[in-house]
Amino acid sequence: MYISKETQIETEQRLLKVLRTATLKIFEEPYFYKESKISDFHFDPKALAMVKDNDVWSYLIPAESDKTENFKIFSFHFKDGLDNSGFVGWLASKIKKDLGSGMFVVCGQNSKKGGIFDYWGCPIEMADEVLKYVKELIR
């Protein structure tokens, strides 16, 4: 992890470069969080992420119904060697400030593709607006 001291303008410029060089993938189908008791753990190959707390396993899987809270998912793999520290907070804050939408982010690690990668989720109702905003930042 990088540790750097920079001005707000330098941070903005660095993270715009990180965004513009990242690989963006947009998932077509909606996803939702399905919960199960800790004792009922099973591996689900459809899951993008499996996270637990003290009570439940939470699986981020393709939506099974339009009655659940469903999310549009997109991901970023970052270019190797670029300092992407602060990216999640920076982009999530910009989206919240400019569009009003909250976001969730689940991170993973792939050493062969630049290290940390992110899955981003936004409410289905905001998906077009959020993705348009991200694509405009990339331009």
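In this predicted model, the largest nonpolar core holds 23 residues. Phe74, Phe76, Phe87, Leu91, Ile95 and Val130 have the most contacts inside this core. Several elements build the core together. Three helices, H1 (8–21), H2 (87–99) and H3 (127–138), each supply at least two of its residues. Strands E5 (71–77) and E7 (115–123) do likewise. Helix H3 gives the largest share, with 6 residues.

Phe76 shows what such packing looks like around one side of the chain's sequence neighbours and beyond. Residues up to four places away in sequence are left out of its contact list.

The cysteines were examined next. The disulfide count is 0. A disulfide is a covalent bond between the sulfur atoms of two cysteines. The pair must lie within 2.5 Å to be counted. The closest cysteine sulfur to that of Cys107 belongs to Cys122 and is 16 Å away, so the gap is too far for a bond. Cys122 is likewise in no disulfide, and its nearest cysteine sulfur is that of Cys107. Cys107 is partly exposed, with a relative accessible area of 47%. Cys122, by contrast, is buried, with a relative accessible area of 0%.

Note on methods. Residues are numbered from 1 along each chain as its sequence is written. This is a predicted model: local features need pLDDT of at least 70, side-chain atom pairs count only at pLDDT 80 or more; totals for chains, interfaces and linings use all residues. Side-chain values use heavy atoms; hydrogens and water are left out. A nonpolar core is a set of buried Ala, Val, Leu, Ile, Met, Phe, Trp, Tyr and Cys residues joined through side-chain atoms within 4.5 Å. Buried means under 20% relative accessible area, exposed over 50%, partly exposed in between (1.4 Å probe, protein chains only). Helices (H or I, at least four residues) and strands (E, at least two) are DSSP runs, numbered from the N terminus. Contact means heavy atoms within 4.5 Å.
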